[in-house]
Amino acid sequence: MFPNSILGRPPFTPNHQQHNNFFALSPTLYSHQQLIDAQYNFQNVDLSRAVTLQPLAYGAVSPIQTSTSPLFRGRKRISDEKNFPLDGKRQRFHSPHQEPTIINQIVPLSGDRRYSMPPLFHTHYVPDIVRCVPPLREIPLLEPREITLPEAKDKLSQQILELFETCQQQMSDLKKKELCRAQLQREIQLLFPRTSAYCACFSWLYIPVYRCTVSFLLLSSAPLESRLFLVGSSLNGFGARSSDGDLCLVVKEEPVNQKTEARHILTLVYKHFCTRLSGYIERPQLIRAKVPIVKFRDKVSCVEFDLNVNNTVGIRNTFLLRTYAYLENRVRPLVLVIKKWANHHEINDASRGTLSSYSLVLMVLHYLQTLPEPILPSLQKIYPESFSTSVQLHLVHHAPCNIPPYLSKNESSLGDLLLGFLKYYATEFDWNTQMISVREAKAIPRPDDIEWRNKYICVEEPFDGTNTARAVHEKQKFDMIKDQFLKSWHRLKNKKDLNSVLPLRAATLKR
């Protein structure tokens, strides 16, 4: 994404791209003998032909070449470049201040064990502390659970499946977003390092080597405080190819005041995007909403992103929804077609006073929980330890992997479920007195407090208990939403053709 930025390198090399083990590295400490050996070996290296390595990221260390595939033979460079690994070729870093090139040098050490040495810096260059600190435990790029799609026994179900297979987010789409997230995290960590914690945790060791000075950063366990998480539909299993990316910047474990602290932090991020990253990010906007965000577009992947600060409940509900998504094979196709339907009828835009995608997903899950023969249970009731707010953020991704599929006796087709969903909210659900609760797996009475009183639609957030549909605050918009449920139910019931409520050609083109 940022090929000329000082931190603009891919987060992992192709050889490691499949492993996705994003866990913390233990710090590298060097013995006195190893440093002497390094000094000796430096004298035999032609610095004019130095080979750079990719920066360390996600705990994936680039392997050091052994004698079977040497990078150098004396002072003669290997001519066959095709045999070089990608992370062993020369790469240039460009600074907006036109500072000299920085070289990350491979230093072979004696003995059976070999170590990756810290960067070689020019004497006047101030090292980037963030890049040298072992990364925190991070959420891995999850491979989807192997799940077969349901069988289509009627035309309507077949249309739903075909639309889902065409429009669902691909793994390649997710990897683009993850690459952008990883590179942005390194940039943002320049703005928000945990500087106070470093003072007692690191020291510099200067060793004269080959007419210059090598600076080694000796570290203990000083974790970074700022982390960037990919959240929302990109990761929860309900994303389409056209889905935007949602990012959550966590700067500290404690809650952040969204009106003051979050806005200040996002102002700094926004200015950073407009100056340092203006060549790679376009159309940055600071939106001062109840939960403020920075909207921007990545020029390389052409993905639109929304970035918030410390909205940690979004990280938790991402993995709760991901577990539901892969719990039963009818859930994801049904959710995708309903989101497409709502978007087509212009009732899927919280910024315009209608339903957010998150609220729509919760409405679908609630409907599947409340059928006479439920298709989904309440995961928070069955597995409270997996979805507790006490679970640390870097461990929340374990839940979808540890919970087995749900075996329901309900054999309704996708077409029947879509019709049932529209009918439930058009004729059965009591909008005036009831609240949608996925946590309880049923409709519950509205609490009598300001959060729920006089609200048109009440959808309970499963973790913090707020109303996710609070954007629907105009009666005109509420009536429009109800009207679309009723009209679409009648049309679909009569024609049994998805085109009657959602033109498939237009929906497919939008992906």
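Author: We'll take the sheet, then the helices on it, then a helix pair. Keep in mind that this is a predicted model.

Reader: What order do the 5 strands of the open sheet come in?

Author: The order is S5-S6-S9-S8-S7, and the pairing is mixed.

Reader: Which strands stand at the edges?

Author: Strand S5 (227-231) and strand S7 (281-287). Each has a single partner strand, so one side of each lacks a neighbour in the sheet.

Reader: How are neighbouring strands turned against each other?

Author: By 25° on average, ignoring direction.

Reader: Do me S8 and S9. Parallel or antiparallel?

Author: Antiparallel, over 4 bridges. S8 covers residues 293-298 and S9 covers residues 304-309. Val-294 sits opposite Leu-307 in S9.

Reader: Which strands does helix H4 touch?

Author: H4 (residues 171-191) packs on the sheet and touches S5, S6, S7, S8 and S9. Its direction makes about 160° with that of S5.

Reader: And where does H8 pack?

Author: Also on the sheet: H8 (residues 313-325) touches S5 and S6. The direction of H8 makes about 40° with that of S5.

Reader: Switching topic. At what angle do H10 and H13 pack?

Author: About 100°, with axes 10 Å apart. The two helices are therefore roughly perpendicular.

Reader: Which residues make that contact?

Author: From H10, Met-363, Val-364, His-366, Tyr-367 and Leu-368. From H13, Asp-416, Leu-417, Gly-420, Phe-421, Tyr-424 and Tyr-425.

Reader: How many are nonpolar, polar and charged?

Author: The H10 and H13 contact has 8 nonpolar, 2 polar and 1 charged.

Conventions
Residues are numbered from 1 along each chain as its sequence is written. This is a predicted model: local features need pLDDT of at least 70, side-chain atom pairs count only at pLDDT 80 or more; totals for chains, interfaces and linings use all residues. Side-chain values use heavy atoms; hydrogens and water are left out. Two strands pair if DSSP finds at least two bridges between them. Axes are lines fitted to C-alpha atoms, for helices over the stretch in contact, and angles run from 0 to 180 degrees between N-to-C directions. Contact means heavy atoms within 4.5 Å. Angles under 35 degrees count as roughly parallel, over 145 as roughly antiparallel, 65 to 115 as roughly perpendicular and the rest as oblique. Ala, Val, Leu, Ile, Met, Phe, Trp, Tyr, Cys and Pro count as nonpolar, Asp, Glu, Lys and Arg as charged, and the others, Gly among them, as polar.
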